[in-house]
Amino acid sequence: MTNDSTPPTPGSDPTPVPGSSSSPAAAPAQPGRRRGFSRRGLFGAAGAAVATGVAGYAVHSALSTEPSQAADNNGPVEFHGPHQAGITTPVQDRLHFAAFDVTTTKRDELIALLKEWTAAAALLTAGRDIGQYGAVNGPGEAPPEDTGEAVGLPPARLTITVGFGPSLFDKRFGLAAKRPQALVDLPHFIGDDLDPARSGGDIAVQACSDDPQVAVHAIRNLARIGFGRVAVRYSQLGFGRTSSTSRAQATPRNLFGFKDGTNNLKLEEADKLEQQLWVQPEDGPEWMVGGAYLVSRRIRMNIEIWDRTSLGEQETIIGRGKGTGAPLGKADEFDAIDFTAKNSDGDPKMPMDSHVRLAHPQFNNGAELLRRGYNFVDGSDGLGRLDAGLFFLAYQRDPRKQFIPVQNQLAKSDTMNEYIHHVGSGIFACPAGVTPGSYWGEKLFS
Ligand SMILES: C=CC1=C(C)c2cc3[nH]c(cc4nc(cc5[nH]c(cc1n2)c(C)c5CCC(=O)O)C(CCC(=O)O)=C4C)c(C)c3C=C
Ligand SMILES: [Fe+2]
């Protein structure tokens, strides 16, 4: 498919401001048709637009309490709002996650990058090329501003979510005093086998979409914009979601073949999201209010060994039926779990060391997580095994009270540990959503 834009005449046309009533960009996205017009003064000039307070990239600027949900898998998801999109947004099918190291030591260059990234993300999530001329309408002598592989593709519910790792708060950018107390360095957990090259990172970017090429295009173009200021430390593709974040979504399956995401936090649970997910004013710091902390774990799954394990043993390990996803002893997926129920031999129907029991809020001081992970298979490991697993992503209000105690409990006692090991890890502070005219992390740098 081709880009349908008309080549602009440099320096001549009065570009409509995206988001204004006269702008074609204010019209609803047209699935299947990548909008190639109204690009002037956006990426490239976008940093200046932000600096002068002009919402030049406000493609969908209405604020809502929840990011708007696309009516279909091709449409756009609202980029602006009180919270970043890509957290409670019904989980898309595909992931491209990248952790970046900041290579510049200049604070101004980092701020300029975040402005450019924000402007580009507003366009990408609206299904538009980045840059003044996009992928195919620029001068033949210069590399195209947009890499082009998404030309003709719809937004496919692309969300781009950003977080800042603990290492960003070192001496380089004068941010040490702004490091949130909750942004701790994760402790070593029993069984951790972490590869430093797949762990950490100054900035994380999570791109989720129902089209893998759209997600990859987003990360690729942000990396390209960042050239000379950031470098990709590691990245991870995910091909199948392993959770639901909305009651409207069917529960998907992980690579162990089990329904995953049944008892996840859901966007419909507004009160719980305030208690468990969003950073509150009393938590501080101020720049994180309305944001959340992301923990990422690359978890290898020994699927070849799992596949030689009996069905009964698999269900005992998880604590749920493989077919229905129901808690052991119950019939339906969403039946309440009864941890007191006993088998005829007097043993608990939900084994004490089952995954679900150990991770359940009842045994973790009420702690819950918003899980948003993905299945991955990254080829094979040279030993006849698939390099397969779960790229675990979990958002929360305070990892000291949520991920860390739950993972401590799992690392110590979970019978699933025979079949998994954690090989990568990250923790990131994801600020609140972007309002038109602002940029990712603006409050952190002000
Ligand atoms: C520290 C947090 C968690 C890690 C790491 C983790 C890894 C992991 N989980 C599965 C499969 C399932 N997990 C399920 C439930 C579940 N898991 C966690 C936390 C971690 N999981 C929580 C908090 C819960 C919910 C517990 C509850 O309240 O009932 C389930 C059951 C279905 C569901 O409710 O989602 C499965 C299946 C794998 C394979 C895995 C690592 C590879
Ligand atoms: Fe789990």
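Select Tyr293 first. Leaving out residues up to four places away in sequence, Tyr293 touches Ala182, Leu183, Tyr395, Gln396, Asp398, Pro399, Ile427, Ala429 and Cys430. Contact means that two C-beta atoms, placed from the backbone, lie within 7 Å.

A word on what is on screen. This is a predicted model, where local features need pLDDT of at least 70 and side-chain atom pairs count only at pLDDT 80 or more, while totals for chains, interfaces and linings use all residues. Residues are numbered from 1 along each chain as its sequence is written, and chains are lettered from A and ligands numbered from 1 in the order written.

**The core.** Val205 and Tyr293 touch the most other members of the largest nonpolar core, which has 96 residues. Next, show helix α2 (residues 107-125), which gives this core its largest share, 11 residues. Such a core is a set of buried Ala, Val, Leu, Ile, Met, Phe, Trp, Tyr and Cys residues joined through C-beta atoms within 7 Å. Buried means 20 or more other C-beta atoms within 10 Å of the residue's own, again placed from the backbone; exposed means 12 or fewer, and partly exposed lies in between. Helices (H or I, at least four residues) and strands (E, at least two) are DSSP runs, numbered from the N terminus.

**Leu370.** Go to strand β7 (residues 370-371), where Leu370 is found. Is Leu370 buried or exposed? Leu370 is buried because it has 26 C-beta neighbours inside 10 Å. Its contacts beyond four places in sequence include Ile87, Thr245, Tyr395 and Gln396. Now draw a distance to Glu145: the two C-alpha atoms are 36 Å apart.

**Ligand 1.** Select the 27 residues around ligand 1; Phe258, Thr262, Asn263, Ala359 and Gln407 come nearest. The cut-off is a C-beta atom, placed from the backbone, within 6 Å of the molecule. Colour β6 (292-301), α7 (355-359), β9 (386-396) and α8 (403-413), each of which supplies at least two residues of this shell. Helix α8 gives the most, with 4 residues.

**The annotated span.** Select residues 251-434. UniProt, in an unreviewed entry, places "domain: Dyp-type peroxidase C-terminal" here. The span is 19% helix and 22% strand, and its end C-alpha atoms lie 30 Å apart.

**Confidence.** Finish by colouring on pLDDT, the predictor's confidence in each residue, from 0 to 100. The chain averages 87. Strand β3 (residues 203-209) is highest at 99, and helix α1 (residues 46-51) lowest at a mean of 29. Residues 1-33 have pLDDT below 50.

Conventions. UniProt positions renumbered as here; feature names shortened; annotations may be inferred.
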